[in-house]
Amino acid sequence: PEAKPITANGASPELRDAVESPLPLTDLAMVTTAVVFKGPAPKGSVVVSTLISGQSLPLAEKGGAQTNDLEMLVIASDDNGKSFPTDRATVSLNMRPETAARVKATGFRFIQSLDLAPGRYQLRIAAREGNTKKAGSVTFDVEVPDFAKEKLSMSGLALTSPLSSTAPTVRPKDPLEKLLPGPLSAYREFPQSDEIAFFAEVYDNTGKQPHKVDITTTVKAEGGQTVFEAKEQRDSSELSGSSGSYGVTARIPIATIAPGLYGLKVEATVN
């Protein structure tokens, strides 16, 4: 299915109540993440990925298919209380039994984005299903840097994995669709049979003087042991003498990594 962007004015009462609620609503369970990249200057592009629990999503049988209607809305509020909404997005689920079973097991994902000026924001993400009119909401704090201010800066880390890709996903607006090998994921726990992939951008405002940028990716255990490391060097000649960005991506197999907590770090330095 494909999501249809619609103005927020068409939101159902349940969706409006959910997005305006000061506390998260859990009737329609969901989890979200957001990653900030450089957008149209001077704004940042905030990519929001929300996974709705398949267990809390009721489906109705119709003509041999499993059906429901979903609507989704993201609103960002700055420190002054000013709000910046995305378009409301809707999707009509009309699924074969095998797809419905996959939704029940893995959930259903929306990916949306909005461009915001540098600053701190609280995102309020809300969804509502049509069969029983259940709604849910979550909040997520995000800071949009001024990417043009520093000589060298970096986007957030966008993570995905093959397991993340099993959840059916709609992308009303997803600037990462062709840059990340799967949908932006809110997962932070991965089985050893999975493989993590990430994408980030390094923004270089150093100037016309020729230089190189060293980029190091590491995965470290809580005790400090490095279990993965990758290094690369990029040349300012790639930018043709102007400000620009280097895309950074890596695949991290985790079959040989012992269960536990790990930190993923990407570091860039001018050489």
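This is a predicted model: local features need pLDDT of at least 70, side-chain atom pairs count only at pLDDT 80 or more; totals for chains, interfaces and linings use all residues.

User: How many bridges join β5 to β7, and do they run parallel or antiparallel?

Analyst: Strand β5, residues 65-78, is joined to β7 by seven bridges, and the two run antiparallel.

User: And how many residues of β7 are buried?

Analyst: Strand β7 covers residues 88-95, and six of its eight residues are buried, so the strand is largely enclosed by the rest of the structure.

User: Let us change topic. How many aromatic pairs does a search of the whole structure find?

Analyst: The search finds four aromatic pairs. In one of them, F37 and F199, the ring centres are 5.9 Å apart and the planes stand at 20 degrees; the pair is therefore stacked. Planes under 30 degrees apart count as stacked.

User: Where do F37 and F199 lie?

Analyst: F37 belongs to strand β2 (residues 30-38) and F199 to strand β14 (residues 195-204), so the pair ties together parts that are 162 residues apart in sequence.

User: Is F37 buried or exposed? And F199, buried or exposed?

Analyst: F37 is buried, as its relative accessible area is 5%. F199 also counts as buried, at 6% relative accessibility.

User: What about the rings of F84 and Y121?

Analyst: Their centres are 6.1 Å apart and their planes are at 80 degrees, so this pair is edge-to-face. F84 lies in strand β6 (residues 83-85), while Y121 lies in strand β9 (residues 119-129), so the pair ties together parts that are 37 residues apart in sequence.

User: Which relative accessible area does F84 have, and which does Y121 have?

Analyst: F84 has a relative accessible area of 24% and is partly exposed. For Y121 the value is 8%, and Y121 is buried. The cut-off behind this is that buried means under 20%.

User: Which residues lie nearest the centre of the largest pocket?

Analyst: Of the 23 residues that line the largest pocket, R188, F190, I196, G260 and Y262 lie nearest its centre.

User: And how does the lining divide into nonpolar, polar and charged residues?

Analyst: The lining of the largest pocket comprises 16 nonpolar, five polar and two charged residues.

Terms used. Residues are numbered from 1 along each chain as its sequence is written. Side-chain values use heavy atoms; hydrogens and water are left out. Rings of Phe, Tyr and Trp (its six-membered ring) pair if their centres lie within 6.5 Å; planes under 30 degrees apart count as stacked, over 60 as edge-to-face and the rest as tilted. Helices (H or I, at least four residues) and strands (E, at least two) are DSSP runs, numbered from the N terminus. Buried means under 20% relative accessible area, exposed over 50%, partly exposed in between (1.4 Å probe, protein chains only). Two strands pair if DSSP finds at least two bridges between them. On a 1 Å grid over the protein atoms alone, a cavity is a set of points where a 1.4 Å probe fits but cannot get out, and a pocket is an open set with protein on both sides within 12 Å along at least five of seven lines; lining residues have an atom within 4 Å of a point. Ala, Val, Leu, Ile, Met, Phe, Trp, Tyr, Cys and Pro count as nonpolar, Asp, Glu, Lys and Arg as charged, and the others, Gly among them, as polar.
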